[in-house]
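Dear colleague,

My notes on what was found in it follow.

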Amino acid sequence: MKTSQNPATTRPEPSRRFCVAPMMDWTDRHCRFFLRQLSHHALLYTEMVTTGALLHGDAQRFLRHDQLEHPLALQLGGSDPAELAACAKLAEEAGYDEVNLNVGCPSDRVQNNLIGACLMGHPARVADCVKAMRDAVAIPVTVKHRIGIDGRDSYDELRDFVGQVCEAGCRSFIVHARIAILAGLSPKENREIPPLRYDVVAQLKQDFPDLEMILNGGIKTLEECRQHLQTFDGVMLGREAYHNPYLLAQVDQELFGNPLPPISRHEALECLRPYIQQHLDEGGTLHHVTRHVLGLGQGFPGARRFRQLLSADIHKASDPLALFDQAIALLEGR
């Protein structure tokens, strides 16, 4: 953690050396609480929350989180400066460590509301949004974006985008190293088909050496993280961190120099048990939490049974915690 450059706050600014990406339907509060058992230092992001959902919906439901999830950032989707400023204030009041503007989602649904990657075609609007949010809050305001979109994919246009947003006061940019093709590709295809261009992001870092540049896209191993950290200020992992969550258990030691040994899979699930008990007591279901831990079950005898217990058997269990304890037992010594 480092002290924020904004003198209006004494809240420490989170390290972005290793981040877990915001992922719709995945990085909810239960997922984040689980991931926090594996790494104390990784910066976690919420799913994208639209300004409309916060201002006109159940804000407390969207903002709810456990204090143990910190360091924690809220990602917002929107393009109205006043609405984004109001939502940033809600994030700050709720205790989030950072607010992030989504300028990378290629979904048709968000494009229609001028949200996500289509905003790369409107750098002045993004700059206005960033300025409004920065004027409203003392916590850091960051932007997550692509290296371009169809029709605006030259490096000069990317540099202009970053330059305008930087002039509005943004100092940290999370860059997904692919363009987004808004006409003709689905969100899933936009994560796979456009080629990764790490060299483009490296050129951005060279042209804007004083800005914090976090690389996102296609990173799968801690060795790749170490290599990228020689060029960039941080790395962000998405689906790999979700499908192979035990990777996070190595992060504190390997990337942050923490001398403590990594937590075991067995210990991580044991730490999760009181949280699950509380969730059940509040009327929740075991599946709300355990759907996020299935990635622990791979590469050892009994892994298939572990996944079956927590994905199929869970829906017919009369005693959910007893079933969860069976799953914990399968991780003994792992």
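Helices (H or I, at least four residues) and strands (E, at least two) are taken here as DSSP runs, numbered from the N terminus. This is a predicted model, in which local features need pLDDT of at least 70 and side-chain atom pairs count only at pLDDT 80 or more, while totals for chains, interfaces and linings use all residues. Residues are numbered from 1 along each chain as its sequence is written, and side-chain values use heavy atoms, with hydrogens and water left out.

To begin with the overall form, the chain holds 16 helices and 10 strands, and its C-alpha trace spans about 55 × 45 × 40 Å along the principal axes. The radius of gyration (taken over C-alpha atoms, with a globule rule of 2.2 Å times the number of residues to the power 0.38) is 20 Å, which agrees with the value near 20 Å of a compact globule of 334 residues. Of the 334 residues, 55% count as buried, where buried means under 20% relative accessible area, exposed over 50% and partly exposed in between, with a 1.4 Å probe and protein chains only. Among contacts (heavy atoms within 4.5 Å) with a separation of 6 or more, 71% are between residues 24 or more positions apart.

Helix α1 (residues 29-38) is largely enclosed by the rest of the structure, because 10 of its 10 residues are buried. The elements that cover those buried residues include β3 (18-20), β4, β5 (72-77), α11 (239-243), α13 (265-281) and α14 (286-290).

The largest pocket deserves a separate paragraph. On a 1 Å grid over the protein atoms alone, a pocket is an open set of points where a 1.4 Å probe fits, with protein on both sides within 12 Å along at least five of seven lines, and lining residues have an atom within 4 Å of a point. About 1,400 Å³ of space lies in this pocket, a volume being the space filled by probe spheres set on points joined across faces, edges and corners. Its lining has 50 residues, of which P22, M23, M24, D25 and R239 lie nearest the centre, and strand β4 (residues 43-50) gives the largest share, five residues.

D25, in the loop between β3 and α1, has a positive phi of about 70° although it is not a glycine, and D25 is exposed, with a relative accessible area of 54%. A cis peptide bond joins H70 and P71, with omega about 0°, and P71 is placed in the loop between α3 (59-63) and β5. Most residues other than glycine have a negative phi, and most peptide bonds are trans.

Finally, R334 lies in the segment after α16 (320-330) and is partly exposed, with a relative accessible area of 34%. Leaving aside neighbours within four places in sequence, R334 is in contact with S264, R265, H266, F300 and P301.

With kind regards
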